[in-house]
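Take a moment to look at the model below. Follow the chains one step at a time, from overall build to single residues.

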Amino acid sequence: MEKYIFYILSAIIIVFALASVSSRKMLRSVIYLLFVLCGIAGIYFLIDYNFLAAIQLTVYAGGIVVLIIFSVLLVHHIEMELEMVKMPRKILTVLLCVLGLGVFLYTIYNNDFNVVENYITTNTSDIGTKLLSYDSGGFILPFEVISLLLLASMIGAIVIAKGRKLNDKNNG
Amino acid sequence: MIAGISIYEIFTVTSILFFIGIYGFITRKNLISVLISIELILNASVVNFVVINKYLYPDMLQGVIFSIFIIAVAAAETALAVSIIINLYRQISSVEVKDTEIMKY
């Protein structure tokens with residue numbers, strides 16, 4: 001059962017990712033990205049990382065996609081179609097990507113991973129304890145650094161998006 | 001782990017997703033589309049972290065925590081990129097890559 005769900009999810013992910021990079025309408029491309037992100041959240045649910053799936057849904061589907069939609073609406077006319085690159089360059093890129101994919105898959109299939117058979121369920125409190133522990137192997141310092149990074153980038157985003165007005169006083 | 005699914009199949013899916021992202025990154029000419037492709041690439045790598053954690057080292061949590069960090073960094077990066085794009089549109093009325101030739105003023 002889970003097997004088929006995984007196949008369906010990966011089909012959804014790949015098809016919508018292709019649609020997302022090849023659609024000529026901007027807003028549709030963002031919505032296809034949303035489908036890809038939801039499919040990835042489904043994979044997280046399948047391998048029993050519920051907390052991560054919830055993060056994926058809230059941060060990506062709820063935050064990032066909404067931000068990108070905002071910027072599309074602020075910047076574009078909805079009906080405008082994107083210009084595409086010329087055909088030879090497209091074919092060259094496809095060839096390069098297929099070549100890279102071949103190298104990746106060759107390496108992956110030639111490596112044997114010693115997979116541990118397990119059906120452990122990780123609950124959220126384990127992740128929380130690990131994030132906030134200051135023993136060896138704990139993640140309290142990166143956690144604090146990431147919160148500072150988020151704060152700094154939010155302030156930076158506000159300052160940049162506000163733009164002209166801050167330094168326009170001198171020019172009148 | 002997912003019953004009946006080997007680690008190779010998941011890696012195949014994430015590799016394909018990664019290269020779709022790279023294809024979009026190279027061929028799209030619009031800054032927002034480039035941003036979307038970056039999201040695809042980041043997501044593929046996050047899934048890899050999680051899957052390796054689950055299949056090879058199931059009693060550890062490092063992969064999960066690193067993917068939480070990657071998601072946080074992606075959120076910060078998107079917020080900054082969107083604000084830069086909006087500011088750029090205000091200054092040169094375009095978000096095409098080829099029009100973006102000045103970094104300052």
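Helices here are DSSP runs of at least four residues, numbered from the N terminus. With that in hand, read chain A from its N terminus: the elements run α-α-α-α-α-α-α. That comes to seven helices and zero strands. Keep in mind that this is a predicted model.

Now step back and consider overall dimensions. The C-alpha atoms of chain A fill a box of roughly 70 × 50 × 30 Å along the principal axes. How does the radius of gyration of chain A stand against that of a compact globule of 172 residues? Such a globule would come out near 16 Å, but chain A has 22 Å. Of the 172 residues in chain A, 22% are buried. Contacts tell another part of the story. Take the contacts in chain A with a separation of 6 or more: 49% of them join residues 24 or more positions apart.

Chain A also touches chain B. The contact draws 70 residues from chain A and 62 residues from chain B. On the chain B side, three helices each supply at least two residues: H1 (7–27), H2 (31–56) and H3 (62–92). The largest share comes from H3(B), with 21 residues. What kinds of residue make up this side of chain B? They divide into 43 nonpolar, 13 polar and six charged.

Next, look for the core. In soluble globular proteins, nonpolar side chains tend to be buried together. Here the largest nonpolar core has 63 residues. Those with the most contacts inside this core are Val36(A), Tyr44(A), Ile68(A), Leu17(B), Ile32(B) and Val50(B). The core draws two or more residues from each of H1 (2–22), H2 (26–46) and H3 (50–75) of chain A, and likewise from H1, H2 and H3 of chain B. Which element gives the most? H2(B) does, with 13 residues.

Val50(B) is worth a look. Set aside its neighbours within four places in sequence. Val50(B) is then in contact with Tyr44(A), Ile47(A), Tyr49(A) and Leu52(A) from chain A. From chain B, Val50(B) is in contact with Gly63(B), Val64(B) and Ser67(B).

Now pair up two helices, one from each chain. The axes of H3(A) and H2(B) come within 12 Å and cross at roughly 175°. Angles over 145 degrees count as roughly antiparallel, so H3(A) is roughly antiparallel to H2(B). H3(A) makes the contact through Leu52(A), Ile64(A), Ile68(A), Ser71(A) and Val72(A). H2(B) answers with Ile32(B), Leu35(B), Ile36(B), Glu39(B) and Val50(B). By type, the residues of this contact are eight nonpolar, one polar and one charged.

Asp48(A) lies in the loop between H2 and H3. Its phi is near 70°, a positive value in a residue other than glycine. Is Asp48(A) buried, exposed or partly exposed? Asp48(A) counts as partly exposed, because it has 18 C-beta neighbours inside 10 Å.

Gly102(A) sits in helix H4, residues 87–110. Gly102(A) has 12 C-beta neighbours inside 10 Å, so this residue counts as exposed. Last, compare sequence with space. Gly102(A) and Val116(A) are 14 residues apart in sequence, and their C-alpha atoms are 27 Å apart.

Notes
Residues are numbered from 1 along each chain as its sequence is written. Chains are lettered from A and ligands numbered from 1 in the order in which they are written. This is a predicted model: local features need pLDDT of at least 70, side-chain atom pairs count only at pLDDT 80 or more; totals for chains, interfaces and linings use all residues. The radius of gyration is taken over C-alpha atoms; the globule rule is 2.2 Å times the number of residues to the power 0.38. A residue is buried if 20 or more other C-beta atoms lie within 10 Å of its own, exposed if 12 or fewer, and partly exposed in between; C-beta atoms are placed from the backbone. Two residues are in contact if their C-beta atoms, placed from the backbone, lie within 7 Å. Ala, Val, Leu, Ile, Met, Phe, Trp, Tyr, Cys and Pro count as nonpolar, Asp, Glu, Lys and Arg as charged, and the others, Gly among them, as polar. A nonpolar core is a set of buried Ala, Val, Leu, Ile, Met, Phe, Trp, Tyr and Cys residues joined through C-beta atoms within 7 Å. Axes are lines fitted to C-alpha atoms, for helices over the stretch in contact, and angles run from 0 to 180 degrees between N-to-C directions. Angles under 35 degrees count as roughly parallel, over 145 as roughly antiparallel, 65 to 115 as roughly perpendicular and the rest as oblique.
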